[in-house]
Amino acid sequence: MIQTGIFTGYFPYALEETAKRIKALNFNTVQLDLSFKDMDLDTDSITKEKCMLIRNTFERYDLPISCISGYTNLVHPNLAKRKKNLDHLKKIIRFAHDLGSPYVISETGTFDPDSDWVHHPKNKTEEGYEECRSVIADLVEHARAHGVIFLTETYVNNVIGSVEETLRLFGDINDPHLGLLMDPTNYFEDHNIDNMDLTLNHIFDALSDKIKVSHAKDVKRSSGMNGVKMANIDASEAHALRGVGLIDLPAPGLGSLNYDLYLRRLSKDYPDIPLIIEHLDESDVPRAKAFIEAKLLANGC
């Protein structure tokens, strides 16, 4: 049975209170965000002892940590900022097992200087790809040294965004310490959102063997507002994102994703995979969870 989870980052509290609130909603697992009101988890402040405290707290509430958020812009054009981003991500990879999971996740990033989610012309150049591939290869080597699997989450506006770009990356870095975070909504653009089932099947036909963890949000055409859309919530930019340009990315059940097909394809090869709900605020979590669980039940997942 697919395990329904939630990001800890949608619960902006101290460590114990976060675990308590998530357990009260009857989740089976969590994706861990290193952000709690009572802990300093800046790069230089992350220690083995803090990581084990976090892991043990969630374990006491019977909430295994299925994966760890390391979201950052891997190719930030400001090289000092990029180094800071990568140093923090590598620190998380180093302590991943102490946090309770072998999986650390990040998007691939963009060369846009102001937003992690906006397209930049360099993203789709050979130079941009090679720069990103080199960074990811280094991260995979670091992950291998620590017995960790680095998961890339593709997104259409980032360097690695299409099915074809994802396949190229995995072909160039053929290593068991590189995996895929499956979120089909991240592959939709204006040109393919009206071909929902065709696109979903293409995603799974091409990439199913790379999947380790999955996400649950939704996708739909925008009402017409351009630019980056952010929710006003106490959470990271990655959690506040609600869409860019012509595509909105709302919470599960609020868009046009064919969840029946998505879950059937996902469960066919991964019947016990964690499915992590996102793109919502705390007040909407019960509704989104009920939606996902009804879809899982209806599809025998």
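Biologist: In which sense, left-handed or right-handed, does H9 pass H10?

Modeller: In this predicted model, H9 passes H10 in a right-handed crossing. The axes of H9 and helix H10, residues 285–298, come within 10 Å and cross at roughly 65°.

Biologist: Why is H7 called roughly parallel to H9?

Modeller: Helix H7, residues 196–207, and helix H9, residues 259–269, pack at an angle of about 15°, with their axes 10 Å apart. Angles under 35 degrees count as roughly parallel, and therefore H7 is described as roughly parallel to H9. The crossing of H7 and H9 is right-handed.

Biologist: Which residues make that contact between H7 and H9?

Modeller: On the H7 side the contact is made by Asp197, Leu200, Asn201, Phe204 and Asp205, and on the H9 side by Leu261, Tyr262, Arg265 and Leu266. By class, the residues of the contact of H7 with H9 divide into 5 nonpolar, 1 polar and 3 charged.

Biologist: Why does Tyr262 count as buried?

Modeller: Tyr262, which is found in helix H9, has a relative accessibility of 1%. Buried means under 20% relative accessible area, so Tyr262 counts as buried.

Biologist: What does Tyr262 touch, leaving aside residues up to four places away in sequence?

Modeller: Tyr262 touches Met182, Pro184, Leu200, Phe204, Ser214, His215, Leu257 and Leu275. In the case of Phe204, the C-alpha atoms are separated by 8.9 Å, although Tyr262 and Phe204 are 58 residues apart along the chain.

Biologist: How do you know that the radius of gyration of the protein chain agrees with that of a compact globule?

Modeller: With 301 residues, a compact globule would have a radius of gyration near 19 Å, and the protein chain has 18 Å, so the value agrees with that expectation. The C-alpha atoms fill a box of roughly 45 × 45 × 35 Å along the principal axes, and buried residues make up 55% of the 301 residues.

Biologist: What share of the contacts with a separation of 6 or more comes from residues 24 or more positions apart?

Modeller: Such residues account for 78% of those contacts in the protein chain, which has 10 helices and 12 strands.

Technical notes. Residues are numbered from 1 along each chain as its sequence is written. This is a predicted model: local features need pLDDT of at least 70, side-chain atom pairs count only at pLDDT 80 or more; totals for chains, interfaces and linings use all residues. Side-chain values use heavy atoms; hydrogens and water are left out. Axes are lines fitted to C-alpha atoms, for helices over the stretch in contact, and angles run from 0 to 180 degrees between N-to-C directions. Helices (H or I, at least four residues) and strands (E, at least two) are DSSP runs, numbered from the N terminus. Angles under 35 degrees count as roughly parallel, over 145 as roughly antiparallel, 65 to 115 as roughly perpendicular and the rest as oblique. A crossing is left-handed if the near helix is turned anticlockwise from the far one by less than a right angle, and right-handed if clockwise. Contact means heavy atoms within 4.5 Å. Ala, Val, Leu, Ile, Met, Phe, Trp, Tyr, Cys and Pro count as nonpolar, Asp, Glu, Lys and Arg as charged, and the others, Gly among them, as polar. The radius of gyration is taken over C-alpha atoms; the globule rule is 2.2 Å times the number of residues to the power 0.38. Buried means under 20% relative accessible area, exposed over 50%, partly exposed in between (1.4 Å probe, protein chains only).
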